[in-house]
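Please open the model in your viewer and keep the sequence panel beside it. The stops below say what to select next and what is there.

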Amino acid sequence: MDQQKEVMSSYKSLTPKDSEYKEYMMGRFSDTERAIPQISLNPQCVNEIVTFEIRKIEHLEPASWGRKVWLLLKPHTWLTVIVPFIVISRVDLSHSISTNIILLLSLISLMVYANWQADLADHLEGWDRLSGGDDKSVLQKGWFTGQQLKQWSQGILLANVVIGIPLIMNNPWVLVPYALGVLALLFLLPRWWRQSVGLGVSSLCIFLLSGPLLAIGIDLAHDAQLNKNSLFLGIAWGLWMSFVRQQNVYSKQWRPFQKKSSYAFLNLGFDRAKALMRLMIVVVPGMMLFNFIFVSGGAAWFFPLLVTHSFFIFWELNYNEKVQSSIGSSLKNLHSLFRWHFYAVSIMMVIGAMIWKTTL
Amino acid sequence: MEIKIYSPKDFPSYLPKLNALYDDLFSGGKGFRSRLIHPFVVSLGIPYETEKLLGQTIEFIHNASLLHDDLIDRSSLRRGKTTAWLKYTPEYAVLAGDYLLARVMVNLSSFGNIHLVQYTAEVISDLLEGEWIQDSLVKDFQITLDQLDRVHNLKTASLFKWCLRAPFIAIQRLDPKLHTTLEEMGTLLGVLFQRSDDLLDFNIRNYEGKALLGDLKSGYLNSFAVFLMKDLDSAKKELFVKVDTLEQLKSVVDEEYFSLKVEEFDGLNHQLISRYESLLTVLDSYLEGNEKNLVSQISSLHELLYWRKKG
């Protein structure tokens with residue numbers, strides 16, 4: 001207990017307006033200590049105070065390197081780019097292994113960059129202190145600092161550019177969707193920008209980034225001709241990913257009134273957002289399925305996804321009706337179901353790609 | 001000088017049953033929150049009339065919430081007496097609560113300190129938000145401790161924060177860093193108080209003989225209930241939420257597990273106490289001369305609020 005007291009006894013409270021705030025958030029204040037932001041007892045309030053527990057590096061929560069790296073890189077999020085990569089590469093009938101490898105590395109590195117930038121933004125703006133529980137980021141645990149993440153993300157972006165050079169040299173037109181994608185990412189990540197224009201823009205950026213732009217980019221990287229199959233597959237996936245984003249906002253982002261929400265979805269109010277979610281649970285998968293009508297051999301995806309979506313829509317509607325509170329467990333349960341739905345759709349998309357040729 | 005929170009002279013005599021209702025309400029209370037202001041009053045040299053205003057404000061807000069709470073929960077007893085909504089009518093209980101809040105605004109606006117009015121209005125707003133969210137969590141048996149903390153921060157801690165900050169605001173001491181520290185301290189005290197209150201429901205440090213398992217029987221998991229249930233399997237969780245007595249509960253979780261969890265819970269809250277103690281040092285740096293006596297006056301508040309030791 002005394003040792004624990006010695007470890008845990010140092011605290012510092014700062015508000016976002018204090019000059020030292022950023023030094024502590026970025027971990028620049030010391031080489032031997034880390035400032036672990038405690039779960040704010042008044043997160044996202046006008047008077048938010050962040051209390052840091054100052055711990056020596058050797059006294060941080062122990063974990064294996066595997067776990068640290070998993071939380072740092074978040075491989076489960078790579079499905080956002082891996083699924084369309086597999087699907088569209090298959091449809092392109094590209095057999096160039098080297099192109100595929102380079103393309104995959106490029107996509108994954110861009111995804112990791114986006115994750116790190118988002119983690120950093122969440123950390124600095126306090127969104128990660130809004131939700132407690134077990135899904136703390138590496139920054140919240142103090143395993144890595146904000147400064148490290150900032151430097152590594154700059155490094156990985158540079159690496160991404162270097163990795164992409166062979167693709168660009170093979171087909172300079174790849175630069176177009178790549179540049180547009182980077183622009184969309186730059187619009188997407190700074191929260192101050194999103195706050196001023198509302199959720200519509202960020203949803204559009206997510207749709208473009210993970211959907212048509214990605215599909216066109218993959219086509220061009222394979223030096224294949226742009227074709228409607230890729231485009232509609234991209235649109236389908238983009239719609240789905242945009243909806244996944246809305247699901248996350250709905251199930252995790254409610255906060256006290258004093259801090260107005262930047263999300264148009266939440267500004268509808270709890271009851272209307274719930275009603276809108278009820279509608280979207282049915283409509284968005286429908287819109288996704290609609291795109292497969294325009295894909296040659298689209299039956300390979302249409303029927304497996306129809307079954308998958310139908311199963312999850314039934315349960316999601318059920319769970320959504322049970323949501324009575326903006327912070328209760330019912331929203332957590334719904335969020336969990338949304339995640340399983342995402343994984344199931346990802347699997348079905350890949351399976352569909354595998355059986356695609358047989359349905360032509 | 002003891003502050004007289006309620007006087008019939010402060011309320012209209014022509015409203016039937018109003019003064020009888022308030023007499024019942026205020027005569028049973030300990031006035032703890034208004035007494036929390038006293039060390040600040042002494043250290044900051046605040047005049048008696050201002051102390052009375054502050055004391056009345058916080059007690060009116062607190063008791064207004066009790067009047068409404070008892071009706072929402074359909075409680076039959078409050079401080080050993082029949083609740084107002086039962087003894088009088090639900091309508092009078094609601095109106096009496098609303099009237100107390102209205103008097104708060106009248107009194108504060110007469111005082112003329114706009115910052116105090118603004119801050120008090122924010123606190124009332126927080127309190128009501130917390131009540132609303134808490135009501136939405138009834139029958140939610142999978143709630144987590146951090147989710148409950150958000151409710152308690154709004155519902156309970158807001159009043160403690162007010163007790164720490166309002167005296168300084170009343171004398172126009174508006175230094176943001178000072179208030180940041182006070183806000184954090186008030187938050188910690190509020191959470192500690194709430195968690196201690198939640199332990200009373202399980203007969204832990206229940207020196208006043210409060211009725212047991214009231215929250216659980218109302219379908220609401222308090223912080224200790226959440227903590228107890230966290231590591232139980234689903235079969236035990238189902239039994240847990242249906243118990244009627246503490247003996248039944250201990251037969252579900254067993255005595256050893258129960259005692260271990262009490263110890264762990266105390267350990268968890270000890271961390272909050274450590275944070276509070278470190279903030280006392282910070283507070284001291286913002287005070288001058290005799291004001292520094294305040295730190296020693298409030299340094300053992302956690303003993304009173306969490307460990308329920310007599311002051």
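Predicted model: local features only at pLDDT ≥ 70, side-chain atom pairs only at ≥ 80, totals over all residues.

In this tour a residue is called buried when its relative accessible area is under 20%, exposed when that area is over 50%, and partly exposed in between.

**First stop: a pair in chain B**

Select B:Lys87 together with B:Asp24, which form a salt bridge whose closest N and O atoms are 2.8 Å apart. The two residues come from distant parts of the chain, since B:Asp24 sits in helix H1 (residues 18-27) of chain B and B:Lys87 in helix H4 (residues 84-87) of chain B, 63 residues apart. B:Asp24, at 23% relative accessibility, also counts as partly exposed.

**Second stop: another pair in chain B**

Next, select B:Asp197 and B:Lys210, which form a salt bridge with their closest N and O atoms 3.6 Å apart. Here B:Asp197 belongs to helix H9 (residues 176-200) of chain B, while B:Lys210 lies in the loop between H9 and helix H10 (214-217) of chain B, and 13 residues separate them. Relative accessibility is 22% for B:Asp197, which counts as partly exposed, and 33% for B:Lys210, which likewise counts as partly exposed.

Now colour chain B by its two domains, domain 1 (9-112) and domain 2 (138-311). Their centres, taken over C-alpha atoms, are separated by 23 Å, and the contact between them takes 18 residues from domain 1 of chain B and 24 residues from domain 2 of chain B. About 1900 Å² is buried between domain 1 and domain 2 of chain B, and carbon and sulfur atoms give 83% of this area.

Which three residues supply more than any others of the area that domain 1 of chain B buries against domain 2 of chain B? Select B:Leu36, B:Phe40 and B:Leu44, which together supply 33% of that area. Across the interface of domain 1 and domain 2 of chain B there are zero salt bridges, and one residue pair is in polar contact. On the side of domain 1 of chain B that touches domain 2, the elements giving two or more residues are helix H2 (32-44) and helix H3 (48-73) of chain B; H2(B) gives the most, with eight residues. The residues on that side of domain 1 of chain B divide into 11 nonpolar, four polar and three charged.

Move to chain A and select A:Asp119 and A:Lys74, whose side chains meet in a salt bridge at 2.7 Å, N to O. Because A:Asp119 lies in helix H5 (residues 97-125) of chain A and A:Lys74 in the loop between helix H3 (65-73) and helix H4 (79-92) of chain A, the pair ties together parts that are 45 residues apart in sequence. Both A:Asp119 and A:Lys74 are buried.

Leaving aside residues up to four places away in sequence, A:Asn115 touches A:Leu73, A:Lys74 and A:Thr77.

**Last stop: a network**

Finally, select A:Glu61, A:Arg67 and A:Lys141, which are linked in a network of salt bridges. Over all chains, a search of the whole structure finds 23 salt bridges.

Notes: Residues numbered from 1 in each chain as written. Chains lettered and ligands numbered in written order. Heavy atoms only, no water. Domains from an automatic or database assignment. Contact = heavy atoms within 4.5 Å. Buried area = accessible area lost by both parts, 1.4 Å probe. Salt bridge = Lys/Arg side-chain N within 4 Å of Asp/Glu carboxyl O. Polar contact = N/O pair within 3.5 Å; in protein donor to acceptor, adjacent residues only side chain to side chain. Helix = DSSP H or I, 4+ residues; strand = E, 2+ residues; numbered from the N terminus. Nonpolar A, V, L, I, M, F, W, Y, C, P; charged D, E, K, R; others polar. Buried < 20%, exposed > 50% of the residue type's maximum accessible area, 1.4 Å probe, protein only.
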